[in-house]
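Thanks for coming. I will walk through one chain today, and I will give the cut-offs for each term as it comes up.

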Amino acid sequence: GELVEDTPARGMGASHYLKVLHGLKAGPPPRLDYAVEIALHDALRALIRMGFVKSAHDCSEGGLAVAVAESCLGAKGKPLGAKLDIAWHPAANAPHDASAVVPLFNESQSRVVISVSRANAAAVLALLEWRGIPARRLGEVTAGDTLAITVNGEAHTWPLASLHAAWADTIGRLMA
């Protein structure tokens, strides 16, 4: 089926996913609500100043899966993997939403993936709720060598070595 954005919140319009996998430059890019964006960054800066944030990555280029993969690949020192379990409720009128594509690769604005220690997770969620910033726990950082994301029971696993090769060698392959 055709992957188009049925509402601005879906965030698939003008996405890298559509361009790379389907060769499409289609749909409007996700809308940016400046007030929401400012509130998010104010809250994020506050969490950073309090020492809670270990890492942060926006989801605007490639979506959640790309943000988490880049976070794993950018880890300093020993390799870090991630294990996420996402419950996602697709729109009833959008059959393409039944797959994991939209929650993994949509580029909706004002979304940042942060990592915090397990001990601080509840406090961070409470502080974000207090500031009116929607947030939820998606999973955990692992010491493994894989990125594993489950969406509504549909499991996806990628070895970090293959993700690194695709990520680091892209420009060289394009120039060859």
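Predicted model: local features only at pLDDT ≥ 70, side-chain atom pairs only at ≥ 80, totals over all residues.

Let me start with Leu127, which counts as partly exposed because its relative accessibility is 27%. On the scale used here, buried means under 20% relative accessible area, exposed means over 50%, and partly exposed is in between, with a 1.4 Å probe and protein chains only. Leu127 sits in helix H5, residues 121–130.

Residues are numbered from 1 along each chain as its sequence is written, and side-chain values use heavy atoms, with hydrogens and water left out.

Now the overall layout. The chain has seven helices and six strands; these are DSSP runs numbered from the N terminus, H or I of at least four residues for helices and E of at least two for strands. In sequence order the pattern reads α-α-β-α-β-α-β-α-β-β-β-α-α. Of the 176 residues in the chain, 32% are buried.

Which residues touch the most other members of the largest nonpolar core? They are Val68, Ile86, Leu147 and Ile149, in a core of 21 residues. At least two residues each come from helix H3 (64–73), strand E2 (81–86), H4, strand E5 (146–151) and helix H6 (160–168). H3 gives the largest share, seven residues. A nonpolar core here is a set of buried Ala, Val, Leu, Ile, Met, Phe, Trp, Tyr and Cys residues joined through side-chain atoms within 4.5 Å. In soluble globular proteins, nonpolar side chains tend to be buried together.

Next, charges. A salt bridge is a side-chain nitrogen of Lys or Arg within 4 Å of a carboxyl oxygen of Asp or Glu, and by this rule there are three. One of them joins the side chains of Arg45 and Asp42, at 2.4 Å from N to O. Both residues are in helix H2, three residues apart, or about one turn of the helix. Arg45 is partly exposed at 43% relative accessibility, and Asp42 is partly exposed at 31%.

Glu140 takes part in a network of salt bridges with Arg118 and Arg137. Its closest N and O atoms with Arg118 are 3.3 Å apart. Glu140 is in strand E4 (residues 139–142) and Arg118 is in the loop between E3 and H5, so this pair ties together parts 22 residues apart in sequence. For Arg137 and Glu140, the closest N and O atoms are 4.0 Å apart. Arg118 is exposed, at 65% relative accessible area, whereas Glu140 is partly exposed at 31%.

Glu107 is another case. It lies in the loop between helix H4 (101–105) and strand E3 (112–116). Glu107 is buried but has no salt bridge, and the nearest side chain of opposite charge, Arg111, is 8.1 Å away. Lys and Arg count as positive here, Asp and Glu as negative, and His and the chain ends are not counted. A polar atom of the Glu107 side chain is 2.9 Å from the backbone nitrogen of Gly62.

Last, His41, in helix H2. It is partly exposed, with a relative accessible area of 31%. Between the C-alpha atoms of His41 and Val112 the distance is 9.2 Å, and the two are 71 residues apart in sequence.

Key. Polar contact = N/O pair within 3.5 Å; in protein donor to acceptor, adjacent residues only side chain to side chain.
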